[in-house]
Structures are given as C-alpha cells and as structure tokens.
Amino acid sequence: MTQEFELAAIRLFLGSVTLAALAACGGGGGDSAPTTGGTPTPSTVLKLTSSNYTAAAQEAMAAANSVQDAAAFSEVITGAAVSGQGLPLAFVRAQVPKLQEWFRTAPQQVTGAEYSQTESCPAGGTLAVTLRDVNGNQSIDPGDSATIVGARCYFEGSMVNGTITMVVNSMSGNLNSDVYRLNLGMVFSNLVATNGSNSDTLNGGLTLAIQSNGFNNSVTTLSAPNSLTMAGNYGGVAYSRVLSGYSSTITISPTASGFSESTIYNGTLSSNSFNAQTVVASTVTPFVRTNLLGYAASGQVVLTGADGSRVRITAQNVSTVQIELDADGNGVYELATTRAWSSLL
C-alpha cells in the first residue's frame, strides 16, 4: 500500500468520523432512556444488577476522565494531574499547539508535497513528523495533515511510542494564543504510554473541536462516533474499554477566583470489567467544579443497560458521590451507596 493511498484511506475514515460526530454530540436531558450511541443488540447489553452496578459506575467515570484528559493538562472532573489511563490522549493534546509552527517553519514545497523532520522530546526520545501542506502555503488549511510518530518519547514521566495522524477540518486564529478555532480529525495507531509496569494503549479515531474565546474561556468537544479503544495494564489490573457514539464537551468559564469547568458526556461503553457488554451513558446535569476544588461538586449521569435497568451517578459534594440502582427499570431506584470521589476514580 503506498503512502498516498494510506493517507486517502485515513481521510475517508476521518470524514465519516466528522459527519457522525455532528449527530453524536448532545447534552443532558431527563431520566428517560438515552439513545446516544445507537441501540446495541440485546445480547451485548449489560443487565445492571446489585452485583455490578458500582463497577459499571466506576468504569463509566474512568472512561470519561480518560477522554477528557485530551481537553487539557488536568482532569476536568477530578482536577488531579494527568496520569495513568489518560496519558496517551493527554500526549496527543500536547502536540496540537505545535501544528502551526511545524507548518510555518517547514521549507516551502510544491503543492501537496510532503515534508518530514525529527525533533527531540524534552525528556528524551524523538518525534518524527511528516507534514502534507495541500496548497504549499506553509499555514494550516482544511485538508492539511500531520503524521506524528513517537519513539521512546518521554511525556509526564511515561515513555510514549506509536502513531498519531491529524487531518485539519477547519482552523482560524493562533493556536499559541487564547483566541482560536480548531477542528481536527485524528487516528491513533498503537499509541502506547509506558511507566514501569503500567501501560496504556490507544487505537481508533477521535474528532477534537476547540473554540477558545480567551483566557479560561473555551469549549472543547471530543467525539468518538465510530470506535475508540483504550486498553492496558494499570496498577497490576488489565483493562480494556471501547467507546462508540461517544461525545464529551468541556466548557471552561472565567470566575473571580479563576475558572469553573462544566462537563457533559454521552455514548456507549463496553468494558472487560463486564465481559465486553455495553451500557449507554447520558448526562442529566453537567459535572461542575472550580479550580479551587479537587472534585466536581455537582453533576449527574445515568447509565442504561438491558431491560431498562439503570444506574444513576450523582455528585453530592466535592467529597462524595451517590450511586443508585434501578434494576427493573420502573423508575424507582431501590438500592443506593455513597462512595468517596477518590475511591470511585
């Protein structure tokens, strides 16, 4: 397969990602059964019960935090430093501001030509970057692409290997300022972050849309309408999660003391924790925290499983989360437990 054919195939895939993302994005709603992410066949849907409802809640919140790490260098629900399962996507996000400078400093090429360079990672290792400037103007335009290959590139204490392909859908402003607009389609191929015995691997596609209106004032949406697979070994425990029909939106707003973060997410999750069966997550009210708080003080999401079974996850305050089970889908939550945020995530 030629490199040109491979890039065309990636563009075709990213085109479907972008179109599907428009349908997948959505906010909260009532406590009705969500439809975001499609309707899995009944045999694949998890029946939520007293024996699995807390595990399902933990997996859903962990998956959301891993995706949302791509929005910034801190977890938006917990406020903790990026670590563990979110590192591959955080590494991806760290490359985005470099795009503009890569294209600007590349030698002027004939239209559509490719240019490759290798740069050193600050803490060790390298990034091999291949740029394709469709109109040869040394700036970012729709259709321009960058392929980034990490080779033992150290980031946040982890070693990163693997490939990221980014295709520009739209862009305006300066990526290294507080005011810009950017929409990227991205594909990940065996992007692996390793730290000691822990490893985290990312495969699949994602659309990243950022509208930055100023300092501490932005809206970031990450969509995985087709498939995003996160797998690895963390703390001696193997995990594997697949997101589809998934969308997460993080709104950062300035406040007198800094900023507040509001997060919604919706979509379908499968996990090895429940035998690769699926649940569908739907945000009822956004998870909100400020920069002064360690965890979200408010917010609620509902998971829906087989036969209308549901789990409701509610932030009670900055310390605790309530997890409730409606096993028979009659709208009455007959079982509840309270967990510390720190134990849930």
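**Walking through a predicted chain**

Okay, let's start with Asn275, which counts as exposed, at 67% relative accessibility. In the terms I'm using, exposed is over 50% relative accessible area, buried is under 20%, and partly exposed is in between, with a 1.4 Å probe and protein chains only. Before going on, the ground rules: this is a predicted model, where local features need pLDDT of at least 70 and side-chain atom pairs count only at pLDDT 80 or more, while totals for chains, interfaces and linings use all residues. Residues are numbered from 1 along each chain as its sequence is written, and side-chain values use heavy atoms, with hydrogens and water left out.

Back to Asn275. What is the phi of this residue near? It's near 55 degrees, a positive value, and this is a residue other than glycine. As a reminder, most residues other than glycine have a negative phi. Asn275 sits in the loop between β10, residues 258-271, and β11. Gln138 also belongs on this slide: phi near 60 degrees, positive again, and not a glycine. You'll find Gln138 in the loop between β2 (126-132) and β3 (145-155). With 25% relative accessibility, Gln138 counts as partly exposed.

Let me zoom out for a second. The chain has 5 helices and 15 strands; these are DSSP runs numbered from the N terminus, helices being H or I with at least four residues and strands E with at least two. There are 345 residues in the chain, and 48% of them count as buried.

If you want to look at a covered helix, go to α3, residues 87-95. How many of its residues are buried? That's 9 of 9, which puts α3 down as mostly covered. Among those buried residues are Leu87, Phe91 and Val92, and also Arg93 and Gln95.

Now, the aromatics. The structure holds 4 aromatic pairs, counted when ring centres of Phe, Tyr or Trp (its six-membered ring) lie within 6.5 Å; planes under 30 degrees apart are stacked, over 60 edge-to-face, and the rest tilted. I'll show you the pair of Phe287 and Trp341, which is edge-to-face, with 6.3 Å centre to centre and 70 degrees between the planes. Phe287 is in strand β11 (residues 278-290) and Trp341 in helix α5 (residues 341-344), so this pair ties together parts that are 54 residues apart in sequence. Both of these residues, Phe287 and Trp341, are buried.

Stay with Trp341, and bring in Tyr295. Those two rings are stacked, with 5.8 Å centre to centre and 5 degrees between the planes. This pair too links distant parts of the chain: Tyr295 comes from the loop between β11 and β12 (298-304), Trp341 from helix α5, and they are 46 residues apart.

Last topic, salt bridges. In general, side chains of opposite charge can pair when their charged atoms come close. We have 6 salt bridges in this structure, meaning a side-chain nitrogen of Lys or Arg within 4 Å of a carboxyl oxygen of Asp or Glu. I'll take you through some of them.

One is Lys47 with Asp307, at 3.9 Å from N to O. Lys47 is in the loop between α1 (3-24) and α2 (53-68), Asp307 is in the loop between β12 and β13, and the two are 260 residues apart, linking distant parts of the chain. Lys47 is partly exposed, with 31% relative accessible area, and Asp307 is exposed, with 62%.

Next, Arg241 and Glu59: the closest N and O atoms are 2.8 Å apart. Here strand β9 (residues 237-255) supplies Arg241 and helix α2 supplies Glu59, 182 residues apart. Are these two buried or exposed? Arg241 counts as buried, at 2% relative accessibility, and Glu59 is buried as well, at 9%.

And here's a local one: Glu101 and Arg104 form a salt bridge, with the closest N and O atoms 2.6 Å apart. They sit 3 residues apart in helix α4 (residues 99-105), which means they are separated by about one helical turn. An α-helix has 3.6 residues a turn, so residues three or four places apart point the same way. Glu101 itself counts as partly exposed, with 36% relative accessibility.
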